[in-house]
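Please look at the structure shown here with its disulfides and its strand pairing in mind. The report that follows takes up these two topics in turn.

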Amino acid sequence: MLKKIYKLVLCCTVLLTVNMIGYAQTCSPSQSTVIIEVFTDNYGYETSWELTGNNGTTVYDTGGTGGIYGNNSLYIDTICVPNNSCTQFTIFDSFGDGICCAYGNGYYTVTVDGVVVANGGSFGNSETVDFNCPPGSSCSAADTVLVGGPYSATFDDHWYYFTPTANGMYSISTCGFNTCDTKIWVYDNCSALIDETNMGTIYYDDNNGGCGLQAVVSAALSAGTTY
């Protein structure tokens, strides 16, 4: 299906509106102040976003797509979240072409307690950022590891960064250290990951590495590349 085939140019005037979709709060000392600024493209109805907390529970969202946002409009919302709780912001585009730059100059900015933690506009179906998250809780807030170990995961779906210093084959394994069922996912990016499948992985193991319920992969990794 093709999108946006025809355009009719009537004038060179661009109208700007500033809107709030219902979230404007004054936060307590135990909360972080999250300001979400979204400027839509020519197809604002395609845009939506959500904030999720621990265990993926939805904290706030825009209620989905289908007319929530207008075209070429600026929306600013202030939301309070616990400052000791891992929170994830995800922006969506239902057509899968982001909000910049083929059909307008849309953008988004996420500011937490006065610090910009994310901004952009050129993405596909979605883009995600985490904040107030302990190390290892997400791909964007992963623990750093070196050759050797072992390293202990303190919660399910623990994330690690590894940057080889030399090209070669590397063994990544949970063998001999665990009795519980384990899996290993290896990625070369943090974009649009689907964590419970092996979609987007460059290496993956679940019981097929010859280590019973544990996991092991032999990975050809490049020096200087972060995995």
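Cys 139 is buried, at a relative accessible area of 11%, where buried means under 20%, exposed over 50% and partly exposed in between, with a 1.4 Å probe and protein chains only. Its disulfide partner is Cys 190, which is partly exposed at 38%. The model is predicted: local features need pLDDT of at least 70 and side-chain atom pairs count only at pLDDT 80 or more, whereas totals for chains, interfaces and linings use all residues. Residues are numbered from 1 along each chain as its sequence is written, and side-chain values use heavy atoms, without hydrogens and water.

| Disulfide | S to S distance | Torsion about the S-S bond |
|---|---|---|
| Cys 27 and Cys 80 | 2.1 Å | -95° |
| Cys 100 and Cys 101 | 1.8 Å | 80° |
| Cys 139 and Cys 190 | 1.9 Å | -80° |

The link of Cys 27 and Cys 80 is left-handed, while that of Cys 100 and Cys 101 is right-handed. Cys 27 is buried at 19%, and Cys 80 is buried at 5%.

An open sheet of four strands has the order S4-S3-S6-S11, with antiparallel pairing; strands are DSSP runs (E, at least two residues) numbered from the N terminus, and two of them pair if DSSP finds at least two bridges between them. Strands S4 (58–61) and S11 (126–131) each have a single partner strand, so one side of each is left without a neighbour in the sheet. Three bridges join S3 (residues 47–52) to S4, and Glu 50 stands opposite Asp 61 in S4.

Technical notes: Disulfide = S-S within 2.5 Å.
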